[in-house]
Amino acid sequence: MFRALRSVLCTKSKYSVFLNETPGWRIGRNLHSSQSRTAKIFKDHENIYAHQVLEQSANPYQLFSLHKQEHFAYTDLDESILSLKSDEKINKDELKILFENFKAVAFYCKATNSTISEQRFNAFRNRYCEGVSLLSDEQLLESLRLLLVLPKEESVRADNFIELWNALDVECCRRIENWDTNELLLVCDAWYKLDLARICDFVKEALRKMGRKVRKMTASQLVQTMFLCNVMRCSLYEMMDFEVNLAHYVQNMSLDELGVMSMGFFKTQTRLRNPELLDNLYKRLINELDTAKDITLVAILKILRYSSKIPQVDKMKELLDKMSQEKLEAMSLLTCLHVALFGCELQFCHNKIVEYVLMRFERELEQTRLKDLERICLVMGLFNMKTSTGIEKTLCARVLHMLNNRIDEILKYPNCFLNCLHYLTLCGFYNQEMLAAALDEKFLKHACGSNLVMNRNVFHLDTFVKVNLKDKNYLGPQLADKYRKTMGKMLTYYIPERNSKYKLSATDHILLEIKDIISTLLPHNTLKHILPNYARPDIVICYDSQQRTSLPLSNICPEDYSGVILTPKHVLSELDTGNYKTVAVVIAGWNTVIRNTDNYTGLFSMKLQQLKLLGYKHIVINWYEWRELETYKDRVDFIKRRLSRIINL
């Protein structure tokens, strides 16, 4: 597989024959073209399901549809209505005739499967567009219905069709201020049914007006407005109003309606800040878990995962505790994936549930998309999974092998491939050929473009081959120094200082407190990024075992934020490594520890492993251990005990 991939990338290697083996592939087309991107004009499965929730609800939603009594079957058409002159102003009588003729044209096209884009309809279209501004509100709505009657065009930009819907869009926008919320929602639904909601102007403008009235909306208006926000992927001026109003209706809405609301919050990147609302969502989902549909479950899980903070961890555990293996077996694989991802933001791992999900993935791996492989690898890498069955090892090995057969997907979603490799390295699995292909400059340019220097996972992969594969004959490409230098400046956090203009985090405060105490014992210690791909610095000590004191760092140490890995050689220079030790004091912040355990995340475990491979003796101080120490004396004694494990104070 990677012979093929690297051949596509035009690299010189033993891999050579991909283009000959796979006719139709062109390097330029796949990697270097700037194809014009058309608008995404479609209703995806999530939106279709959400709209079905509105249609099947007993609540009064403003839904647009054809009149049931309209079953005209025009198989012939009076050609005279198509030969219209447009040099005279349209009067009321002509407008009425024009409107009836549009109905005849629409149903004729439907009966004969003709498209309105045919040239013979040009004159009629011109005349009708001239009269659109004279239509009554009811006629305007009927005109939108007639657009629904017309057979589908190959493109919404087809001749005649684009002029018709544009003219109707302009007129709808002109009347926005005259319509109330229900009328606006009805017309918005018409544009949604026409698959034009995301490219017409009316829906955006209508949402802007409705955004001023969210707090006064009824439950059904609230849900339908949020559905439109989900379709448009845009937030209103004040999304907090949705949350305030939802808190009033959360007990009266069905779980599916709450799912529609959740989709909108998530797609507009709006976190729920009301803890009472979050608790109510957890309670509803826990109580109705057995009957929850997959899409509804996923939608609510997404917004709960996005919004939950530490106080919600207990509710998160309660929800996952209720999920049985039988329930997971009945879910789709994608739903199971979101269950496994549920605790990732808070580093909360429900081992039993995650193990069940890994088993499902292992069974159905052949049908799994690359995007989903990336996310299940994230779960395994983040939680540093160690199950009793060893399923994570089997799955990692199979995923690594399966990537050999996913060239098309890798070229389409190259970042997914890079992320997969990174997460697999956290689990202890790698393939040197794959890493070589991934770090090839042409592939990185294809995957990241100009954003390469902002991709931390590439930074991690390059450090992995430099440190973990140093003695394993890795001969593949690595990041150029210029990229690492820029990454060091862009991705490495500032070394914390007291009275700095930058706000210090809780972990930064702990780091400085520990450094101050160490300075009373060993005066020479420095905050440095030993591994610049990890954001936070560590306390570095060069210790003289004979004199039992610390020494200043060597003057050959690279400058901060340069992207250079700080090796013991940098720290010691020409000093004898037998008499001197390099020590790294590392702080394990709250986001490096798996919630409710003493286990570290995969990324933090990798950092400790790499420090060891570089030759550092490391001391890890957990944030919760430090917080438990009440007095200054307790903290000094604690530091002495930890240092004494490594050096002879």
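A cavity, on a 1 Å grid over the protein atoms alone, is a set of points where a 1.4 Å probe fits but cannot get out, and its lining residues have an atom within 4 Å of a point. Rolling a probe the size of a water molecule over the atoms shows where empty space is left.

Before we start: this is a predicted model, where local features need pLDDT of at least 70, side-chain atom pairs count only at pLDDT 80 or more, and totals for chains, interfaces and linings use all residues. Residues are numbered from 1 along each chain as its sequence is written, and side-chain values use heavy atoms, with hydrogens and water left out.

**Exercise 1.** Describe the second largest cavity and sort its lining by class.

*Solution.* 
- Step 1: the chain has five cavities of 30 Å³ or more.
- Step 2: the second largest cavity holds about 90 Å³, a volume being the space filled by probe spheres set on the grid points, which are joined across faces, edges and corners.
- Step 3: its lining includes Lys 528, His 529, Pro 532 and Tyr 561.
- Step 4: five lining residues are nonpolar, three polar and three charged. Here Pro and Tyr count as nonpolar, Lys as charged, and Gly as polar.

Notes: On a 1 Å grid over the protein atoms alone, a cavity is a set of points where a 1.4 Å probe fits but cannot get out, and a pocket is an open set with protein on both sides within 12 Å along at least five of seven lines; lining residues have an atom within 4 Å of a point.
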